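Thank you all for coming; I would like to take a few minutes to walk through one model with you. Please have a look at the sequence and the structure first, and then I will start.

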Amino acid sequence: MNSKILNDIKELVEEQVISNKVAANIENYYKSKKADSPNRLFTVFAVLGSTLVGLGIILILAHNWDDFSRSIKTIFAFAPLIIGQLIVGYTILKKKNTTWREASGVFLFFAVGASMALVSQIYNIPGNFSSYMLTWILLCAPLIYLLKSNALAILHIVFTTNYACAFGYFNGNQTPWLYILLLAILIPHYYLLLKNKKTHNITSIFNWLIPLSVIIVLGAFVDRTEELGFLMYVILFGLLYNIGKLPFFDNQKLRRNGHLVLGSLGTIYMLLLTSFEWLWKDILRHDMVFGTQEMYVSLILFISTIGVLIFSYSKKWIQNFNLFQYVFILFSIIFFIGMSGSFASIALINFLILALGILAIKIGADKFHFGILNYGLLIITALIACRFFDTNMSFVIRGLLFVGVGVGFFFTNYIMLKRQKLNK
Amino acid sequence: MKTIHIFILFIGLAIAQLFVPAQMIFNKESIISNGAAYKFKTQPVDPSDPYRGKYINLNYDVRAYKTTDSIWERKDKVYVYLETDSLGFAKVSEVSKEPLNTSKDFIIAEVGWYSKIEQELNFNLPFNRYYMEETKAYDAEVAVRNNQRDSLPNNTYALVYIKNGEAVLNDVVINEISIKDYVDKVD
């Protein structure tokens, strides 16, 4: 049991806050709770251990031992793989606990990669990096479900992202369509986690990793019409924000809600980026082409986001108007106004950012949440800082604006603090 | 799901995991034993790969071919048909976008770019990596560079086995000595 709790109980008994009987009950409760859950710390270390051993084997094999003949090298290629498989087989047959399942799975994951890497070395197969990664990921994906392993699921998403980047960004301008399939493989695992372990830390890790991976990879779906990349990203962030607003996620702590946080930050970032004049000048140098791959990707994202919104309405989850949820619609309209050559779009985007900043301050004040309140103030500060670069305002006005926002920071926080004290 | 069912599924997966590298080996072994051997003149340089270790990158003398066909997309497949010159080194006999009906050996290479001025198609051969022990890769590059500084013509070549469009790079040879042994000898 946690020694801190033990000490607290002791203190409470000494101060006669609780009776000895209550103290014994509390101790028993924590003891029984502990018996149910295997030692989590041990699992974490076991996973780290097998990751390091697995990576170590890959590195040792990467030395390319010249002194060994081809057949001995081949045996080396298969040895870690077979050992890993034996351990995993034993774990499944003997129904070992989580620690065994996670650690043996991770070891086998790296053994598969090592054996393929060594065969490539022996026969000098140049095989491009992304196809090697793809085979590796696919050969290990079923293990996630056979072992019910979270560590393998994390490895899966990290390597999938790595694969999609190698394929989409570094190996020339190709679209990593298979990324969608690889991500889909993970969805049932994520769904089960959300259903059965809603508040566990491991679920929050996936709440962050999955949107992060999608954000990193989406750019690889941009083929030739790069301008539409901006629209794609704004709609994606809108989708993430709206997913984060579903009561299932929204009712949890903010730090568990990666969808919402990433969606909100991303939206603001994209809006700030597109509020610059030079960016639009750059965009307008190209002609608008319809019916391109980017157009379809944007359309699919748009329809999915609208779908989430309509679903939320039908369930009566949306009570108050929250501009953040509709930014993607407004931005899509503004984007096409901008594409037609009008610079009105820049003014509209500036107003939109301002409105979002004020809205965040309002939400923060209503919820008594200092974080959100100051986030709103930061949005406005960022907007003003950005306008520093491309407007010809006099320094006096810029200075006054900054002083104004600074005073705003003090003032709003002070009022909030006071109101909070009053409420108590 | 019962344990035994999970275990049976796992056995299937384990076989697949064993099959992939084994299949790579069988495929390459069959090329080495049944394929035709070609010598490609080459120059090595030394980079590395995060998972697979040090290798030397090989720049081949066979890397371009004059053709009037000027429509080539980067990264496309190109069928490169081979023959042997009077000194026994490989040279290109023709290139094509589609497989040709001929008995000549070919390799499937990747289009690099087409130079309109020289009317020349540049391509990358699919066996430009030769893995070496990590301490030797850099020495090998230096050894080749020094070897080329003498007045003799380039006598570094890659020994490649080719069968049905697939290739195995078996060895890199300097002055008729395998590059692995050549590096040791220079030391």
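This is a predicted model: local features need pLDDT of at least 70, side-chain atom pairs count only at pLDDT 80 or more; totals for chains, interfaces and linings use all residues.

Residues are numbered from 1 along each chain as its sequence is written, and chains are lettered from A and ligands numbered from 1 in the order in which they are written.

Let me begin with chain A, which has 18 helices and zero strands, where helices (H or I, at least four residues) and strands (E, at least two) are DSSP runs numbered from the N terminus. The C-alpha trace of chain A spans about 75 × 75 × 45 Å along its principal axes. Of its 424 residues, 35% count as buried, and by buried I mean that 20 or more other C-beta atoms lie within 10 Å of the residue's own, while exposed means 12 or fewer and partly exposed is in between, with C-beta atoms placed from the backbone. Among the contacts in chain A with a separation of 6 or more, 70% are between residues 24 or more positions apart; a contact here means that the C-beta atoms of two residues, placed from the backbone, lie within 7 Å.

Chain B, by comparison, has three helices and 12 strands. Buried residues make up 31% of its 187 residues, and residues 24 or more positions apart account for 61% of its contacts with a separation of 6 or more.

How many residues does each chain bring to the contact between them? Chain A gives 33 residues and chain B gives 33 residues. On the side of chain A that touches chain B, α4 (70–93), α5 (98–122) and α6 (129–146) each supply at least two residues. By class, that side of chain A has 19 nonpolar, 12 polar and two charged residues, where Ala, Val, Leu, Ile, Met, Phe, Trp, Tyr, Cys and Pro count as nonpolar, Asp, Glu, Lys and Arg as charged, and the others, Gly among them, as polar.

Let us stay with α4(A), which has 24 residues and reaches 35 Å from its first C-alpha to its last, close to the 34 Å expected at 1.5 Å a residue; the expected span is 1.5 Å times one less than the number of residues. This helix bends by about 25 degrees at Phe78(A), and a proline, Pro80(A), follows within four residues, the bend being the angle between axes fitted to the seven residues ending at a position and the seven starting there. Pro80(A) is itself one of the buried residues of α4(A), which also include Leu81(A), Gly84(A) and Val88(A). What do these buried residues pack against? Their partners are α3 (40–61), α5 and α6 of chain A, together with α1 (3–34) of chain B. After α4(A) comes Lys95(A), whose phi is positive, near 50 degrees.

A kink is also found in α8(A), at Ile187(A), where it amounts to about 30 degrees and lies shortly before the proline Pro188(A). In α8(A), Tyr179(A), Leu182(A) and Leu186(A) are buried, and the buried residues of this helix pack against α6, α7 (150–170) and α9 of chain A. Ile185(A), also placed in α8 (residues 178–196), counts as partly exposed because it has 18 C-beta neighbours inside 10 Å.

Next come helices α9 (residues 201–218) and α10 (residues 228–244) of chain A, which pack at an angle of about 170 degrees with their axes 11 Å apart. The axes are lines fitted to C-alpha atoms over the stretch in contact, and angles run from 0 to 180 degrees between N-to-C directions. The two helices are therefore roughly antiparallel, a term for angles over 145 degrees. Pro211(A), Val214(A), Ile215(A) and Leu218(A) in α9(A) meet Met232(A), Tyr233(A), Leu236(A) and Leu240(A) in α10(A), and the residues of this contact divide into eight nonpolar, no polar and no charged.

Finally, is Ser103(B) buried or exposed? This residue, in the loop between β6 (90–96) and β7 (106–115) of chain B, counts as exposed because it has 5 C-beta neighbours inside 10 Å.

How values were computed. Angles under 35 degrees count as roughly parallel, over 145 as roughly antiparallel, 65 to 115 as roughly perpendicular and the rest as oblique.
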